Amino acid sequence: MELTLPQRRKGLTPETLSVNDCLVIIGANGAGKTRFTSAIVDSLGDRAYRMSALDALYNRRQTESGGVAQTALETLLARLMHDEMVNLIGYKLAAAQGQDTKLRRTRLDSVISLWQEVFPGNRVLIDSGKILFAKGFDQDSYSAVRLSDGERAVLYYAGAVLYAPKGAVVFVDSPEMFLHPTLTSSLWNRLEAMRADCTFCYTTHDPEFASSRNGAPVVWVRDCDTAVPAWDYDILPAQSGISQELYMTLVGARKPVLFIEGDSNRSIDAKLYPLIFPDYTVRSLGSCNKVIEATRTFNDLASFHKMDSKGIVDRDRRDDTEVAYLRRKQVMVPDVAEIENMLIIEDVVRAMAEANGHNPDRVFDRVRKTIISLFRADLRQQALLHTRHRVKRTMEYRVDARCPDINDLEHHLSGLLDEINPRAIYEDYCRQFHQFEATGDYNAILRVFNQKSMLTSSNVAQMCGFKNKDRYIDGIVRLLRHNNAYADRIRTAVRHCLGVE
């Protein structure tokens, strides 16, 4: 079907969408997506059919006959039971007249079937004209009042969708509300299949649900001018290199975007960077390659979403050329080898020592001497690791050289070992690293020293008054949640390490 969307701001022509099975309307809280949906509903007149579990479960309305106020769910259950009784009476009358007839499948049959698919082991019973429920083979039955919000929402959606007019556009407000994430997508797949004649239009702020409607056009509502009314909205483009769920998460936040490495729950990156960059939407992507690709792709789409995007990856063993390339691509690379090293840069150590009542000069001096000693003991192994990285990167670049046939490729590869000369690279790293150690260049050591256990081995936690390194990390995070002088010093130190003024 062709669907004309509401008025756009700045006199832009409203979009006309070709919608097959469903449409998703997404936007941040306060963006005006509910008003946007209402405008579409009004334009469709009798073709529109709206459902809301929140309204159906908790908003009581007076019945037309002036009886006791009921929720939409209660009214729906009564209607299902009424239709069931009408069907039974019709069947009995036909049988009494000698007609060869069968009981037809009712809406209630469909609701019971779906309910027991979604909640296996649960039963729906009909007793004395009432719809009751039971767990497994339990003899005790109970009314819908005792169901959970999620169970009642499924019951409401299953019944309400069956009463939508044929060929209607079914509008669903917050389809994920009250439902467990593992249930939501499969439930709406079933409901769409039950009413294949209808078009479903979902209004949501949940990117996970929106991305579950595979192939559906997605309207991103940015803002609303309520006086006109008119909206700032657009159709999300198809993405490559970045998932639709991630893209919608970011544009829904309406803030600049910062992609980082690590796990969103456990990594130091996820704990630290949102507090260092509070004006950004920070999203953990796991590997450095995903961060680099997402930053590139999101910036390629800047003309559409008009938001800044940056990334942060660990320096690891990247040389200056690699670092400069990434920084040109809006990927920040710190002046330390990895995130753990950032927590022992001088200004951070001093701020944490002083904040916990310890002498910052004494604490940092001991940390500095410990790190230099650790580096001295591991120097040749670190030089070897850096050499392996350099050789690997060089091989990747050189093997990509175009060779017209296998003979040229063999000839090209045969001279690479002598050309790359890994021993010379290794010895050069050893000379550099010996120089860092001999001169006590603490910053240079942190820039090249990759050692996950270094935060523990440095004893910085104990010297700053913490039981272990995890408590030290938590202490930094707690401090950054407060706007005081120590938090400002740590925040400034980390931003400076990332090259941010």
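Author: Two residues are said to be in contact when heavy atoms lie within 4.5 Å of each other. The model under discussion is a predicted one.

When neighbours within four places in sequence are set aside, tyrosine 472 touches Leu343, Val348, Val349, Met352, Leu455, Val460, Ala461, Cys464 and Phe466. Tyr472 belongs to the largest nonpolar core, which has 64 residues. Together with Tyr273 and Met342, Tyr472 is among the residues with the most contacts inside that core. Helix 15, which spans residues 360–399, gives the most to this core, namely eight residues. There is also a second, separate core of 54 residues, and it includes Val124, Leu147, Tyr157 and Ala168.

Tryptophan 115 is placed in helix 4. Its relative accessible area is 2%, and because buried means under 20%, tryptophan 115 counts as buried. From tryptophan 115 to leucine 88 the C-alpha distance is 22 Å, while the two are 27 residues apart in sequence. Leucine 88 belongs to a nonpolar surface patch of about 520 Å², which it makes with Met85, Ile89, Tyr91, Leu93 and Leu103. Of these, leucine 103 is located in the loop between helix 3 (72–96) and helix 4 (107–118). Leucine 103 is partly exposed, at a relative accessible area of 47%.

Let us return to helix 15 and consider its charged side chains. The structure holds 31 salt bridges in total. One of them joins arginine 390 to aspartate 319, with 3.9 Å from N to O. This pair links distant parts of the chain, since arginine 390 is in helix 15 and aspartate 319 is in the loop between strand 13 (309–312) and helix 12 (320–328), 71 residues apart. Both residues are partly exposed: arginine 390 has 28% relative accessibility, and aspartate 319 has 23%.

In a salt bridge between arginine 350 and aspartate 361, the closest N and O atoms are 2.5 Å apart. Arginine 350 is part of helix 14 and aspartate 361 is part of helix 15, so this pair ties together parts that are 11 residues apart in sequence. Arginine 350 also forms a salt bridge with glutamate 346, and here the closest N and O atoms are 3.0 Å apart. Why are glutamate 346 and arginine 350 separated by about one helical turn? They stand four residues apart in helix 14 (residues 346–355), and therefore about one helical turn lies between them. Glutamate 346 is itself partly exposed, with a relative accessible area of 30%. Elsewhere, Arg8, Glu15, Arg222, Asp232 and Asp234 are linked in a network of salt bridges.

The strands may be considered next. In a regular strand, side chains alternate between the two faces of the sheet. In strand 11 (residues 257–260), Val257 and Phe259 point one way, whereas Leu258 and Ile260 point the other way. All four of these residues are buried. Strand 11 runs parallel to strand 12 (residues 281–284), and four bridges join the two. Within this pairing, phenylalanine 259 has arginine 283 of strand 12 as its bridge partner.

Finally, some features of the backbone deserve attention. Most residues other than glycine have a negative phi, and most peptide bonds are trans. Valine 228 and proline 229 are joined by a cis peptide bond, with omega of about -15 degrees. Proline 229 is found in the loop between strand 9 (218–225) and strand 10. Serine 128, although not a glycine, has a positive phi of about 55 degrees. It is located in the loop between strand 5 (122–127) and strand 6 (130–135), and serine 128 is exposed, with a relative accessible area of 71%. Aspartate 316, likewise a residue other than glycine, has a positive phi near 50 degrees. Aspartate 316 lies in the loop between strand 13 and helix 12, and at 25% relative accessibility it counts as partly exposed.

Terms used: Residues numbered from 1 in each chain as written. Predicted model: local features only at pLDDT ≥ 70, side-chain atom pairs only at ≥ 80, totals over all residues. Heavy atoms only, no water. Patch = residues over 30% accessible without salt bridge, like charges linked within 9 Å, V, L, I, M, F, W, Y side chains within 5 Å. Areas by Shrake-Rupley, 256 points an atom, 1.4 Å probe, with all protein chains shown as cover. Salt bridge = Lys/Arg side-chain N within 4 Å of Asp/Glu carboxyl O. Buried < 20%, exposed > 50% of the residue type's maximum accessible area, 1.4 Å probe, protein only. Core = buried A, V, L, I, M, F, W, Y, C linked by side-chain atoms within 4.5 Å. Pairing = 2+ DSSP bridges.
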